[in-house]
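Here is a friendly briefing to read alongside the model. Please keep the structure open as you go through the points.

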Amino acid sequence: MPTCIPENPTFTTGAEREVWDLLRDQLGPDDVLLANVRLTNEDKDHEADLVVLMPDFGALVLEIKGGSVWYDQGWIQKGAADEAHWIAPVAQARDAKYAIRTYVENQAVWGSRTRIRWAHGVVTPYSVFGDDFSVPELPRWALHDKGDLAHLVTRLRANASQGDSQRAPDGDDVAAIADALTARFNTSYYDVNAEAAERAAEADRLTEQQMQILSVTRLINRVEVRGGAGSGKTVLALQQAKELTRGSAKHERPAQRVALICYSIGLATYLKRQVASWPRRQQPSFVGTFHEFGKQWEAPDGDRADSAFWEEELPRLMSELADDLPDGQRYDAVVVDEAQDFAESWWTPVLKALRDEERGGLYVFSDENQRIFGRFGVPPVALVPLVLDHCLRNTREIHEAFAPLAPSRMYARGGSGPEVRFVPSSAADAEEAADDEVVRLLDEEGWEPGRVALITTGHRHTSHRMQVESSTQEEYWETFWDAEEVFYGHVLGCKGLERAAVVLCLNEESVTDRARERLYVGMSRATDQLVVVGDPEWVRQVGGPSVARRLGI
């Protein structure tokens with residue numbers, strides 16, 4: 001039997017079905033039989049009832065006409081329930097032939113091949129024409145009537161061979177034409193990136209719905225919004241800063257001078273990128289890290305590894321500088337994202353930067369289970385708590401994997417995705433195994449590099465270390481949005497940031513302080529595909545039996 005595309009087509013007439021069945025039984029295994037080939041070009045819509053591709057003979061486009069068909073200064077057809085009417089079977093077959101040929105030759109799958117032989121013909125399975133019948137537009141050898149059906153394939157091979165003077169197709173040519181006409185070279189694979197983009201758009205829509213929670217804050221100026229990973233806190237923090245900055249005549253709330261602050265440079269880079277896309281009147285007066293907040297007032301730089309500087313000296317100096325700020329440099333409101341990263345001493349200069357330290361706006365967004373640094377600080381003022389209990393950004397599979405590590409029960413609304421994959425490895429070999437998984441994501445599963453990240457929990461990955469050593473922190477973090485490159489980072493710097501596919505490399509030799517929180521943060525950085533590489537026993541000790549079980553350990 002030939003290759004039939006589709007295997008069992010639907011026809012509008014019994015004549016088309018009868019000819020199809022006949023050719024299916026008579027054609028050889030190297031031939032291809034296509035039904036109902038439709039395409040549209042700049043001229044009109046075209047449809048070929050049948051296209052027969054025969055190696056060593058040619059490509060033949062056939063028009064099938066049932067009922068009674070005859071020729072009297074033109075083609076006429078009359079069916080059992082129809083009046084006699086004019087038809088144009090030769091023009092239909094010929095126009096479809098040229099349209100299909102042009103289409104195929106313009107497809108990438110055709111490549112640099114030269115033109116092959118194309119022909120057209122007409123089949124009238126219920127009508128009879130004499131052997132001497134001939135009209136200029138259709139020689140008798142291209143017209144196949146009721147009496148020709150017994151040896152139809154022999155006639156079609158002759159019909160194709162006499163089509164034109166081009167070369168006969170070989171098997172590869174036939175396969176390329178079939179691929180072009182069925183678009184298999186474009187749609188034969190599943191695109192994980194397209195599905196990830198759709199999930200991201202749906203998460204954005206759900207987050208917009210969740211923004212209604214900000215309406216509660218219109219009459220409250222001291223608020224803490226709590227939510228687990230994937231709940232959309234950062235998006236809400238951005239929206240809060242935007243609404244406070246632009247004000248609202250409808251709600252009789254004047255525009256305010258607003259600062260949007262966080263701890264990590266990576267998150268600050270993201271916040272700046274987002275704010276830069278807004279209209280100027282909606283952009284907060286300040287966006288950046290806590291350190292950059294103090295640098296406005298000429299606070300000094302310091303070694304990021306010097307905890308005494310960050311938690312004692314810098315906040316003390318910033319507090320002193322804030323005491324002397326003129327009114328024009330103070331703020332009506334401060335929005336803090338990932339507030340669990342703040343040390344207790346940091347809140348003093350933040351509050352002192354307000355025009356009204358007692359009643360100025362303070363809007364805090366936090367997740368206590370992402371407290372991965374060895375400092376504990378809460379705002380020294382009363383805040384009204386609001387809770388986000390829906391996970392919008394992560395697939396259900398990823399959320400279920402890290403759910404036992406989350407601070408409270410959350411409901412997954414991120415849609416379904418690939419299963420979370422665990423790859424057992426020792427801590428010493430985890431980096432190499434993680435590299436293999438990145439290659440698998442790119443080469444075997446089709447992920448685009450800009451959607452993939454490799455994040456470590458212990459020492460930095462070699463690629464991460466090289467990037468940091470050859471660039472500034474700001475330049476390094478800009479690479480997070482590079483669509484052409486895999487991102488290499490550490491869990492401590494990636495809070496608030498996500499990529500669609502994440503390989504989490506558990507390369508810690510022992511269980512350290514805040515290891516559980518690091519595992520939680522690392523697993524939740526993936527929105528669509530999570531691969532965890534590490535020692536199963538380490539996972540059991542840190543994440544507990546629930547996490548181990550959900551990872552298939």
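A hairpin joins β6 to β7 through six residues. Strands here are DSSP runs of E with at least two residues, helices are runs of H or I with at least four residues, and both are numbered from the N terminus. This is a predicted model, in which local features need pLDDT of at least 70 and side-chain atom pairs count only at pLDDT 80 or more, while totals for chains, interfaces and linings use all residues. Residues are numbered from 1 along each chain as its sequence is written, and side-chain values use heavy atoms, with hydrogens and water left out.

- β6 and strand β7 (residues 85-87) run antiparallel and are joined by three bridges; two strands count as paired if DSSP finds at least two bridges between them.
- In this pairing, Trp75 stands opposite Ile87 in β7.
- Strand β5 (residues 68-71) is also antiparallel to strand β6 (residues 75-78), with four bridges between them.
- Here Trp70 stands opposite Ile76 in β6.
- Three residues lie between the strands in the hairpin of β5 and β6, and Gln73 takes a positive phi near 60° there.

**The whole chain**

- The chain has 17 helices and 22 strands.
- Its radius of gyration is 35 Å, well over the 24 Å that the globule rule gives for 553 residues, so the chain is more spread out than a compact globule. The radius is taken over C-alpha atoms, and the rule is 2.2 Å times the number of residues to the power 0.38.
- The C-alpha trace spans about 110 × 60 × 40 Å along its principal axes.

**The five-stranded sheet**

- An open sheet with parallel pairing is formed by five strands in the order β18-β22-β21-β19-β20.
- At the edges are β18 (421-424) and β20 (487-490), each pairing on one side only.
- From one strand to the next, the twist averages 20°. Axes are lines fitted to C-alpha atoms, for helices over the stretch in contact, and angles run from 0 to 180 degrees between N-to-C directions.
- Strand β19 (residues 452-456) pairs with β21 in the parallel sense over five bridges, and Leu454 stands opposite Val503 in β21.
- Helix α16 (residues 515-523) lies across β20, β21 and β22 and runs at about 145° to β21; contact means heavy atoms within 4.5 Å.

**The largest pocket**

- The largest pocket has a volume of about 840 Å³. On a 1 Å grid over the protein atoms alone, a pocket is an open set of points with protein on both sides within 12 Å along at least five of seven lines; a cavity is a set where a 1.4 Å probe fits but cannot get out, and lining residues have an atom within 4 Å of a point.
- Grid points are joined across faces, edges and corners, and a volume is the space filled by probe spheres set on the points.
- The pocket is lined by 34 residues, of which Tyr270, Arg393, Phe480, Glu498 and Arg499 are the closest to its centre.
- α6 gives the largest share of the lining, five residues.

**The cavities**

- There are two cavities of 30 Å³ or more.
- The largest cavity holds about 40 Å³ of space, and its lining includes Phe480, Glu498 and Arg499.
- β19 and β21 each supply at least two residues of that lining.
- The second largest cavity holds about 30 Å³, with Trp310 and Trp346 among its lining residues.
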